[in-house]
Amino acid sequence: MASGWIVGTVAAVVLIGMAGLLMARSWRRRTVRDETLGAYDAPAGLGTPVLEVEALYVATTPESEPLERLAVEGLAFRGSARVEVHAEGVLLRIAGEQPSYIPADRLVGAGTATYAIDRGVEPEGLVALTWIVDDRSEPETPTRVDSYLRCRYPGDPARLVAALNDIAAAPAEVRPAAETAESEASDD
């Protein structure tokens, strides 16, 4: 009787250990696959944000593939976040991660979603931010990704989507002079 209990316990420990090893191996492969992807460096002196919201950062995925997580540097793990929308771009401060910045000229747009990876919510309960990731492998076409956020307070999703789409759609003449000069210098 006692030996059956021991065998069952050992079998359960071995199965859990194997599952843990497979998950670790899978994550290691994912981080190697995505090691060239990252957010951008935040410019010094961003100033006062146009909008700040508290949110839960859910995940970053390839554009229109909400079930395929990317291990983007600074955006690999879910966590509480503070989202700051500036005229120059978006700053994501995720607990336990380095701050991640998305320049306005790399922001494609924003909308709402119902699910991403392991998070399913009420209709339009997530904010999906589509942007061009900093891909150091220099592909022929820019790599677009979706980052998903779950806003903490009612009304914030609509305000965040509107603010993000406002800066994504802003022509270069409307942006601050420093950013315009910087983009012209990079064109040379």
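I searched the whole structure for salt bridges and found nine, taking a salt bridge to be a side-chain nitrogen of Lys or Arg within 4 Å of a carboxyl oxygen of Asp or Glu. I note that this is a predicted model, in which local features need pLDDT of at least 70 and side-chain atom pairs count only at pLDDT 80 or more, while totals for chains, interfaces and linings use all residues. Residues are numbered from 1 along each chain as its sequence is written, and side-chain values use heavy atoms, with hydrogens and water left out.

I looked up Arg93 and saw that it forms a salt bridge with Glu84, with 3.0 Å between the closest N and O atoms. For accessibility I used relative accessible area (buried under 20%, exposed over 50%, partly exposed in between, with a 1.4 Å probe and protein chains only). Arg93 is partly exposed at 39%, whereas Glu84 is buried at 11%.

I then turned to Arg136, whose side chain meets that of Asp134 in a salt bridge at 4.0 Å, N to O. Arg136 is partly exposed at 40%, and Asp134 is partly exposed at 24%.

My next entry is Arg159, which is joined to Asp156 by a salt bridge of 2.9 Å, N to O. Both lie in helix α2 (residues 156-169), three residues apart, about one turn of the helix; I count a helix as a DSSP run of H or I with at least four residues, numbered from the N terminus. Arg159 is partly exposed at 44%, but Asp156 is buried at 8%.

Technical notes: Helices (H or I, at least four residues) and strands (E, at least two) are DSSP runs, numbered from the N terminus.
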